[in-house]
Amino acid sequence: MTALPDFKHPDLPRDPRFPDVDAVIAALRAEDYIAERDLATAIYLSLRMGKPIFLEGEPGVGKTEVAKVLARCLDSELIRLQCYEGLDVSTAVYEWNYRRQLLHLRGLEAAGVADARTAVDDVFSADFLLERPLLRAVRQSRKGGAPPVLLIDELDRADEEFEAYLLEILADFQITIPEIGTVAAETPPVAVVTSNRTREVHDALKRRCLYHWIDFPDYEKEVQIVLRRVPEAPEHFAAEIVRLVQAIREEDLFKHPGVAETLDWTNALIALDQETLSDEILRDTLGVLLKYQDDLDKIDDEAVRRLLRKSRSASD
Amino acid sequence: MAATRGHLLRNIVLFGRLLRVGSLDVTPTQLRDWVAALELVDLARKRDVKAAARAVLVSRRRDLPWFDKAFELFWQARDPRELEQLELGLLVQRHTERTKRAALQKLALRDGDDGDGDHPDDRDRTARTRLYSAREALRKKDFAELEGDELDEIKRLMATMRWELETRRTRRLRPSRGGHRLDLRRTLRRSLAHGGEMIHLVGRDRKHRRRPLVLICDISGSMEPYSRLLLHFIYAVSHPRSADPGVSKVESFAFGTRLTRLTHELAERDVDRALQAAAHRIEDWGGGTRTGEALREFNYIWSRRLLGQGAAVLIISDGWDRGDIGLLGHEMERLHRSCHRLIWLNPLLGSPDYQPLTRGIVAALPHVDDFLPVHNLASLEQLGDLLAAM
């Protein structure tokens, strides 16, 4: 039998705060994020192995929240890059400060310096560089202290060109600026990539990452989330709300309400001084949960009564 | 200890192979990462080991069910031999299934060919078409009436057709002469050669990109005379021959009573194997039609993922429908709203006496941008022109 070869990751950063999965769960909970154990395991591995984590799931299941909470847990800066089609180097990585460059050139001219060589060196130096999220993430992780959390949000909205570029960045957290040279991260930032799956993200990129599909939480988890995030809600009411939302998720709808909608709805009901659900209030506030006209049409008076009956019988 | 670690490693490698049996491609790097991950989690906790394996080895949601199954087997196997046998068993099972399938397929194909040749008014038709040159006649000949050799010829011609999809202006900018926006970076760079005087202004403009194409083909009983050849057509569109492909992304689906995605099957390079794989995937071949339900599935599951970048959608169907007609209208309307252009291709439209009066067509037509025939090669050429200039 062969012995286990040395496959150890080159430099596993040992963070004494997170010795195991349970510690991650506890830290997330302390920041009011109730995570499934599977998700916590993926986060824990991402921290220990220095690999980016790729989160997919329906909108509103708390993907972006993971990065925000992680930054708070790690007490480090959150650097966010919101993706969109056409996102390019000048908005994602760096840009030259043209206004300053021009002023500087005029200044040189006024001072009678005519040497073009020095002008180029001057103008394309770090002083004239505007850092954008990716460069910032790489630079921040060089300054000692905790590496930042880099959130690359809704990658599916970016185009293939940016995805290819990101593949390079995520591999070694190294950015080359032709005029200055290469900047490399000392300890890689904690990278969180999210996608709503409006487009299939390339496999190569996902393979570089730890992949996790976030599902809607089960009943107990979701009640805990509501109680944590909307402390004004009495426990029995939170339970009633979650039972109803979970019943709606079993309906045949175009877009099911996410956890974000559950929280919005709870807040709305509290703001309306409600303490229990009724046909009327459910009908009036359904727009908080369902965002498509077809779905709203489908949940008519009869469906409202049926859903309420169903969620009440589930409590017995 | 060394022995148990050795066991573990062998099991890990076998597990990787087990996953590949379920066409979940695991790279050696991923396996290595998993070994690294296993050192970090408590090996006695099944849930953590499983979550770690899943995070590292799976990168698509659709692979999760197979992963779960394979992991249970992996976890239960006590020594490598058990796993090995298991894997072998699965491989053998898959192999026999495949040969069985191939044999069935061949039979089916032969049946189809025979059926085509037995038309009663064969001779009349040949007499009529003699007036034209053979090639021209073939171009205009209805797909349903093709005979053995002609069928092969048509397939060959289909494969040589060039498909070009209209481009769409993207939001990505690239340098261009006379572009509408100033490229400050390049302009400034150039100006340095003239001591900072901006003599040349460099512009930037929107980049253009081909629109994605989605094909949804009816393979129910009423489409039988056309469906095989139409799958050929879909294959031809998905595999551009020239170095400059006129299409970028093609997604294909088939439907009868349910929707089947064929993109992966038709991506296979070899035509026969691609079509065989597609035919095997389709479980409702030659059955009834429930267009509304199929489109609904497309809208709910696929539209948000495939129609994002100004896609054109082609639905190929004769509109004979036994499903919910209200639903069909409703889902057509939704589909129409979410794509750039919705084109309905109907093989029956080639006949001069055809009137679009079937319930399905009546419900769908208000939501269609173009309603075109697809019964012979000439109609495909016409479609090609449309796709190039939408």
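**View 1. The pairing of strands β2 and β3 of chain B in the predicted model.** B:L182 stands opposite B:G203, a residue of β3(B). The two strands, β2(B) and β3 (residues 203–210) of chain B, run antiparallel and are joined by two bridges.

**View 2. The three-stranded open sheet of chain B.** The strands of this sheet follow the order β1-β3-β2, and their pairing is antiparallel. Because β1 (167–176) and β2 (181–182) of chain B each have a single partner strand, they stand at the edges, and one side of each is left without a neighbour in the sheet.

**View 3. The contact between chain A and chain B.** Here 43 residues of chain A are in contact with 41 residues of chain B. On the side of chain A that touches chain B, at least two residues are supplied by each of α2 (37–49), α5 (98–110), α6 (116–123), α9 (203–208) and β9 (210–214) of chain A, and the largest share, seven residues, comes from α2(A). By residue class, this side of chain A comprises 19 nonpolar, 17 charged and seven polar residues.

**View 4. The largest nonpolar core and the surroundings of B:A52.** The largest nonpolar core holds 107 residues, of which A:L70, A:V192 and B:A52 touch the most other members. When residues up to four places away in sequence are left out, B:A52 touches A:T41 and A:L45 of chain A, together with B:A37, B:L38 and B:V41 of chain B.

Terms used. Residues are numbered from 1 along each chain as its sequence is written. Chains are lettered from A and ligands numbered from 1 in the order in which they are written. This is a predicted model: local features need pLDDT of at least 70, side-chain atom pairs count only at pLDDT 80 or more; totals for chains, interfaces and linings use all residues. Two strands pair if DSSP finds at least two bridges between them. Helices (H or I, at least four residues) and strands (E, at least two) are DSSP runs, numbered from the N terminus. Two residues are in contact if their C-beta atoms, placed from the backbone, lie within 7 Å. Ala, Val, Leu, Ile, Met, Phe, Trp, Tyr, Cys and Pro count as nonpolar, Asp, Glu, Lys and Arg as charged, and the others, Gly among them, as polar. A nonpolar core is a set of buried Ala, Val, Leu, Ile, Met, Phe, Trp, Tyr and Cys residues joined through C-beta atoms within 7 Å. A residue is buried if 20 or more other C-beta atoms lie within 10 Å of its own, exposed if 12 or fewer, and partly exposed in between; C-beta atoms are placed from the backbone.
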